[in-house]
Amino acid sequence: MTRFILRAASRGRLWLATEWVDGIYIDAPMTLVLAAVLLGVVNALVRPLTILLTLPFLLVTLGLFLLVVNAAMLGLVAALLPGMQIVGFWDALWGALIVSIVSWIGSVAFAPVAKR
């Protein structure tokens, strides 16, 4: 049940990004669902390779370059999905930051409590 809630929240975090960032547009609710699924696939397949290739930048920036990688993944989803549009890099960066923060809050809120 918890996994279902977390998956449903993934659509919510993208919706939140479209509401708070003026440069991110999604045409229809079905496009939002497809964007959430595609973002999950991109994060599972493309993101690890991208992190590996940008490892020197990640080390030099102490991990802050991950925001750029996340923005690139969000931009890739927008490029692949016809009903989603991101205007510029900064909009993608802010959107990725919102998605990351909401995802982190969700994982902390639904984390299993350790048994004592």
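**H4 against H5.** I looked up how helix H4 (residues 65–80) and helix H5 (residues 89–109) are set against each other in this predicted model, and found that their axes come within 8 Å and cross at roughly 105°. An angle of 65 to 115 degrees counts as roughly perpendicular, so I recorded H4 and H5 as roughly perpendicular to each other.

**Residues at the crossing.** I then listed the contacts, in which Leu67, Val68, Asn70, Ala71 and Leu74 of H4 meet Phe89, Ala92, Leu93, Gly95, Ala96, Leu97 and Ser100 of H5. Sorted by class, this contact has nine nonpolar, three polar and no charged residues.

**H5 by itself.** I noted that H5 has 21 residues and reaches 30 Å from its first C-alpha to its last, close to the 30 Å expected at 1.5 Å a residue. Among the buried residues of H5 I found Ala92, Leu93, Gly95 and Ala96, each of which is also listed in the contact with H4.

**Leu74 and the core.** The largest nonpolar core has 23 residues, and Leu14, Ile24, Leu74, Met84 and Ile86 touch the most other members. The elements giving two or more residues to this core are helix H1 (2–20), H2, H4, strand E2 (84–86) and H5.

**Thr31.** Beyond residues up to four places away in sequence, Thr31 touches Ile26, Leu81, Gly83 and Met84.

Note on methods. Residues are numbered from 1 along each chain as its sequence is written. This is a predicted model: local features need pLDDT of at least 70, side-chain atom pairs count only at pLDDT 80 or more; totals for chains, interfaces and linings use all residues. Side-chain values use heavy atoms; hydrogens and water are left out. Axes are lines fitted to C-alpha atoms, for helices over the stretch in contact, and angles run from 0 to 180 degrees between N-to-C directions. Helices (H or I, at least four residues) and strands (E, at least two) are DSSP runs, numbered from the N terminus. Angles under 35 degrees count as roughly parallel, over 145 as roughly antiparallel, 65 to 115 as roughly perpendicular and the rest as oblique. Contact means heavy atoms within 4.5 Å. Ala, Val, Leu, Ile, Met, Phe, Trp, Tyr, Cys and Pro count as nonpolar, Asp, Glu, Lys and Arg as charged, and the others, Gly among them, as polar. The expected span of a helix is 1.5 Å times one less than its number of residues. Buried means under 20% relative accessible area, exposed over 50%, partly exposed in between (1.4 Å probe, protein chains only). A nonpolar core is a set of buried Ala, Val, Leu, Ile, Met, Phe, Trp, Tyr and Cys residues joined through side-chain atoms within 4.5 Å.
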